[in-house]
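Hi everyone, thanks for making time today.

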Amino acid sequence: MNRVVKRVMGIVASVALLVGGIVSADGTALASGARGTPGNVAWAPCPSEPERATSADLECATVRVPLDYREPMGQAITLAINRIKAKVSRDANHLGTLLVNPGGPGASGRELTEFVAAALPQDVSERYDIVGFDPRGVGGSEPAVHCVDPESYFRAPRPDAVPHGEAEERVLLSRAADYANRCGNHWAWLLPYLTTENSARDMDSIRAALGEEKISYLGYSYGTYLGAVYATLFPSRVKRLVMDSTIDPTLVWYESNLRQDSAFEHRHRQFLAWTARHNSVYKLGATAKQTSFAYYAMRDRLHARPAGGIVGPSELDDIFTTAGYSDRVWPEFAQAWSSYVRQGDVGGLLGLYEKYGKDDAKAENGYAIYLGVQCTDAKWPREWDKWKADMTRMHRRAPFMTWPNAWFNAPCLYWSAPGGTPVDVKGSRKLPPILMIQSRDDAATPYKGALEMRRHFDRATMVVEGGGNHGVSLAGNTCVDNRLAAYLRDGTLPRRDVECPALPEPKASQHMAAENPSGGLLGLLGLLQGI
């Protein structure tokens, strides 16, 4: 991930009025999330973005929230929000606010707003104010957290994530410690408050600022855990709740990553098997065993000689992790791999790196918040011997993801803010029936975790899609999307769990470009991964 240093020269005033409904001189709504306190948000046209066209219907605003909810009259920070307003008036046809979040932690919810508004059936989307928000520390919220300079700290090729001996291991540990220390040096005052619980309380502050008694919520990936924590803390303020690609609330977070390693291994082997079935196109092997050999031979070759001097084994790991999220990219990835192996053409791998693997300041911001939340939500092992033993054992059966995932999270070994105690996620009679959506072979949020989440919410109904893509609803499966629309429209849920067939398997192609990344499954993938 790329990193950018951004020291905030002036922090938000340490004393602020935080009563919902009061607006500061700059038009920022102040909200405490107090029950029954109506808010007042000053909506305005969103500023133009040079690389992204936005809908004329999109409006932007900010909401000020407490840094520490135990001291609501103390220091405040600012959340950036946006919305596409309902087309119907606030009468019986208006369904209130639908808050959306793509997960991460560290992803921008404001980038999901237009996607959801366009992807939902018109008779549903036009009855909701669809609101996205950048969680604390993210994107347009202030302050936005950056810890390092991306162009130097994460310049490609990076050290191999699979250490070959203790010397390489020490280099990787040093990098993890350096990143954690820089975050701590810049943001010691903020890091202790980057927790899921605080983000859930921020959601309720947004609800109060919007003047809503209840809100509906659609969360993907980590956003399901955020929604579950909100539902636990504020059950009487939930109108409708959708969890898509669900986190196991009992494995926060070290154990969750270990389970993820096994799930990504299974998904990667599915990709290798698909490539083998299309050996007539890619010529990388006629069996999964042969394509596996070809893949790891490529990785070893890149260790000795990075493609274009840029794509080494760690960059390859990052790129092909995307193939674990969505099979829509498989033809594009297999062709780039084939061109490199069979023709010595590095152009395909470099193109994949530019599109899926190269990170910028936005990605570094997301990574900093990812660590800020995960390292602080719960306690992590602080002894490297524990990590090393677990990763060595896991790597034997899951070599694709184990070590890259370990080093991605390794700054938690050195994080300056201590890990806390996660919220005890649980249902309540005050909650409405809940809709859960899940693919059976999801690598990022394994199916077993969704079943565990369901055990905590006994009024949940599951819609299960075959296949293994991450992020199921609004990705083109009408069986899934019809259930989502019915639930958001009037609260209708199936009487029992529903099995939906997977989307058709992608066809092998020698064309380098994947489907249009701005819509459908790939559009959603980009929002969930920040690409």
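Cys375 and Cys412 are joined by a disulfide, with an S to S distance of 2.0 Å; the word disulfide here stands for a pair of cysteine sulfur atoms within 2.5 Å. The torsion about their S-S bond is about -80°, so this disulfide is left-handed. The pair links distant parts of the chain, 37 residues apart: Cys375 sits in helix H13, and Cys412 in the loop between helix H15 (402-409) and strand S10 (434-439). Helices and strands are DSSP runs numbered from the N terminus, with at least four residues of H or I for a helix and at least two of E for a strand.

Before going further, please keep in mind that this is a predicted model, where local features need pLDDT of at least 70 and side-chain atom pairs count only at pLDDT 80 or more, while totals for chains, interfaces and linings use all residues. Residues are numbered from 1 along each chain as its sequence is written, and side-chain values use heavy atoms, with hydrogens and water left out.

Are Cys375 and Cys412 buried or exposed? Cys375 is buried, at a relative accessible area of 2%, and Cys412 counts as buried at 1%. For us, buried means under 20% relative accessible area, exposed means over 50%, and partly exposed is in between, using a 1.4 Å probe and protein chains only.

How many disulfides does a search of the whole structure find? It finds four. Counting bonded cysteines along the chain, they follow the pattern 1-2, 3-4, 5-6, 7-8.

Let me show you two others. Cys46 and Cys60 form one, their sulfur atoms 2.0 Å apart. Here the S-S torsion is about 100°, so the disulfide is right-handed. Cys46 is in the loop between strand S3 (44-45) and strand S4 (58-66), while Cys60 is in strand S4, 14 residues apart. Cys46 counts as buried at 17% relative accessibility, and so does Cys60 at 13%.

Then there is Cys479 with Cys500, again a disulfide with sulfur atoms 2.0 Å apart. Its torsion is about -70°, so it is left-handed. Cys479 lies in helix H17 (residues 478-490) and Cys500 in strand S12 (residues 498-500), 21 residues apart. Both of these cysteines are buried.

Now to the pockets. Rolling a probe the size of a water molecule over the atoms shows where empty space is left. A pocket is an open set of points on a 1 Å grid over the protein atoms alone, where a 1.4 Å probe fits, with protein on both sides within 12 Å along at least five of seven lines; lining residues have an atom within 4 Å of a point.

The second largest pocket has a volume of about 350 Å³, a volume being the space filled by probe spheres set on the points, which are joined across faces, edges and corners. It is lined by 20 residues, with Arg70, Pro192, Thr195, Glu197 and Asn198 nearest its centre. Helices H5 (196-209), H6 (222-233) and H13 (361-377) are the elements giving two or more residues to this lining. H5 gives the largest share, four residues.

Finally, a quick stop at Ser216, in strand S8 (residues 215-220). Ser216 is buried, with a relative accessible area of 1%. Leaving aside neighbours within four places in sequence, its contacts (heavy atoms within 4.5 Å) include Thr97, Tyr128 and Arg240.
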